[in-house]
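Please keep the sequence and the model open while reading.

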Amino acid sequence: MSNHKFMEFFLPMIPPTITAQQHKVTVENGKPKFYDPPKLANAKVKLKAHLAKYTPQAPYDVAVRLYTKWLFPISGKHFDGEYKPTKPDTDNLQKMLKDCMTDCKFWKDDAIVASEVVEKFYAKLPGIYIRIEVLENEEERNRG
């Protein structure tokens, strides 16, 4: 298990707006084959490059809570800290992020994310704030 009870970090970047829901499908030899279009593949590479700097020494292997704040560049008449009630949808953003975190060995399987808090805002400093914390009952179980 990762020896971190929690970890938090900020990825300064313009968050990707393409999401994991945008997979494409083709048919080869009569069977469907799913693939990532170039924009989605590029977004995943960019995200993994930023995440790799924060990969824990050992992956989490107990239930965790994942806090994520998606901070998008301010546009129009919006202001710093204003909630962003427009696309992309948080669940689609999270899916790609958790897949990338799995690939970067934050955990073996993102199924250990038992609790999530996801928000999206407009911000002067765009990026993605991430906090992972071990859920209390898991800490107690490991001590016992």
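This is a predicted model: local features need pLDDT of at least 70, side-chain atom pairs count only at pLDDT 80 or more; totals for chains, interfaces and linings use all residues.

Asn137 belongs to helix 3, which runs over residues 136-143, where helices are DSSP runs of H or I with at least four residues, strands are DSSP runs of E with at least two, and both are numbered from the N terminus. Because its relative accessibility is 44%, Asn137 counts as partly exposed, a class that lies between buried (under 20% relative accessible area) and exposed (over 50%), with a 1.4 Å probe and protein chains only.

Residues are numbered from 1 along each chain as its sequence is written, and side-chain values use heavy atoms, with hydrogens and water left out.

Two further helices can be set side by side, with the expected span taken as 1.5 Å times one less than the number of residues.

| Helix | Number of residues | Distance between end C-alpha atoms | Expected span |
|---|---|---|---|
| Helix 1 | 15 residues | 21 Å | 21 Å |

In helix 1, the buried residues are Leu40, Ala43, Lys44, Leu47, His50 and Leu51. They cover an arc of only 130 degrees around the axis, which puts them on the same side of helix 1, the arc being that of the directions from the helix axis to the C-beta atoms. Pro38, Asn42 and Val45 are exposed on the other side of helix 1. The cover over the buried residues of helix 1 includes strand 1 (6-12), helix 2 and strand 6, judged by contact, that is, heavy atoms within 4.5 Å.

Helix 2 has among its buried residues Asn92, Leu93, Met96, Leu97, Cys100 and Met101, and their cover includes helix 1, strand 4 (64-73), strand 5 and strand 6 (127-134). Lys105, which follows helix 2, has a positive phi near 70 degrees.

Lys120 lies in strand 5, residues 113-123. Lys120 is buried yet has no salt bridge, and Asp89, the nearest side chain of opposite charge, is 5.2 Å away; a salt bridge would require a side-chain nitrogen of Lys or Arg within 4 Å of a carboxyl oxygen of Asp or Glu. A polar atom of the Lys120 side chain does lie 2.3 Å from the backbone oxygen of Thr86, and the side chain of Lys120 also reaches the backbone oxygen of Pro88 at 2.7 Å.

Key: Lys and Arg count as positive and Asp and Glu as negative; His and the chain ends are not counted. A polar contact is a pair of N or O atoms within 3.5 Å; within protein, one must be able to donate a hydrogen and the other to accept it, and residues adjacent in sequence count only if both atoms are side-chain atoms.
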